[in-house]
Amino acid sequence: MQTPYYLIDKARLLPNLEKIARLRALSGARTLLALKCFATWSVFDLMSEYMDGTTSSSLFEVKLGREKFPGETHAYSVAWADHEIDEVLRQSDKVIFNSIGQLARFEEVSRDHVRGLRVNPGVSTSDFDLADPARPFSRLGEQDPARIEQVADQISGFMFHNNCENADFDRFDAMLTQIEDRFGALIKRMQWISLGGGIHFTGEGYPLDRLAERLKRFAGENGVQVYLEPGEAAITNSTTLEVTVLDTFDTGKNLAIVDSSIEAHMLDLLIYRESAKLEESGDQHWMICGKSCLAGDIFGEFRFPTALKPGDRISIQDAAGYTMVKKNWFNGVQMPAIAIRELDGTTRLVRDFTYADFSAALS
Ligand SMILES: *Cc1c(COP(=O)(O)O)cnc(C)c1O
């Protein structure tokens, strides 16, 4: 198969899904895939056996969820446009408004729909200002219990999303207690509560049983159906970006240029200034660089057992979350194809991209 391509390995996806199903069984929480993290629908048949549906950030994600992922379709967006709302309602099971203003604007047209409101508890676990829903002056959800109280009988649920890459159960537990302290009376009036994504419960050593017990207790004490919206936790470590070395260079460091680009194919790493991940061995140090003309198009520095040369193959790890959804045509670099390794070990190509796709992306 011609590189570059993303390789989704179902055998590496499955352990995450099994943990999700276990959490669901132990806690009673329903789990919805957050499509903004991962929307490669060719594996939705497998994922939907372990998860209850999808949640979204836009009309197009609502439509994709409804079309490709059996189960519930939650429709959330920071703001719906007037011309979108009818289709959003038609294609979803629940609509979650980001503000009281949006709820009021669409109150009449959505009256027969299951409706929720995003609530911003003002605390989060984000280390990045850019991605912190509780950042100062945040637009992500309503914050004032007194204002929310005034519209509480127009809605049946709340969505909180304030965990970000949170692998610490005690921190999750403490923040949920803060949420109950501040919004408890309102939560008790609701039928369902979504606690959003960002809980890294599929990670090695995460106390899944304690999380399940906490969620079950939250649901029982408040009389609500709990939802979780995992993105990264569902697909973490399932996928690689397969690339080939095109050229090598000695600039005082050993450089290898590959047939991919971090700007075009793993943009999230560049935004957060993180290194790509590789399985390393040996003591030869090489900097892996992309082939775009951006000077800082660099995947990172890694160790290899021998000197790299043109034609060598490299697997960049953990290439699913916030990666495939952000790929772009910068520099006209060949878009990676998408391949799936089935549970029986066979690999099949599910999508490749051509010059026609590049040309069609603009006009
Ligand atoms: C981003 C997001 C998610 C998914 O977050 P992960 O960190 O990928 O689990 C879920 N819900 C909402 C509202 C989000 O914005």
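**Close-up views of a predicted protein model**

**View 1. The surface of the protein.** About 16,500 Å² of the protein is accessible surface, and carbon and sulfur atoms own 49% of that (Shrake-Rupley method, 1.4 Å probe). Keep in mind that this is a predicted model: local features need pLDDT of at least 70, side-chain atom pairs count only at pLDDT 80 or more, and totals for chains, interfaces and linings use all residues. Numbering runs from 1 along each chain as its sequence is written, and side-chain values use heavy atoms, with hydrogens and water left out.

**View 2. The overall fold.** Here you'll find 12 helices and 16 strands (DSSP runs: H or I, at least four residues, for helices; E, at least two, for strands). The radius of gyration is 22 Å, close to the 21 Å from the globule rule for 363 residues, so the protein is as compact as a globular protein of that length (taken over C-alpha atoms; the rule is 2.2 Å times the number of residues to the power 0.38). Along the principal axes, the C-alpha atoms fill a box of roughly 65 × 50 × 45 Å.

**View 3. An aromatic cluster.** Phe158, Phe160 and Phe183 are linked into a cluster by ring pairs (Phe, Tyr or Trp rings, the six-membered one for Trp, with centres within 6.5 Å). Phe158 and Phe160 sit edge-to-face, 6.2 Å centre to centre with 75° between the planes (edge-to-face means over 60 degrees). Both Phe158 and Phe160 are buried (under 20% relative accessible area, 1.4 Å probe, protein chains only).

How values were computed:
Phe/Tyr/Trp six-rings, centres within 6.5 Å; stacked < 30°, edge-to-face > 60°. Buried < 20%, exposed > 50% of the residue type's maximum accessible area, 1.4 Å probe, protein only.
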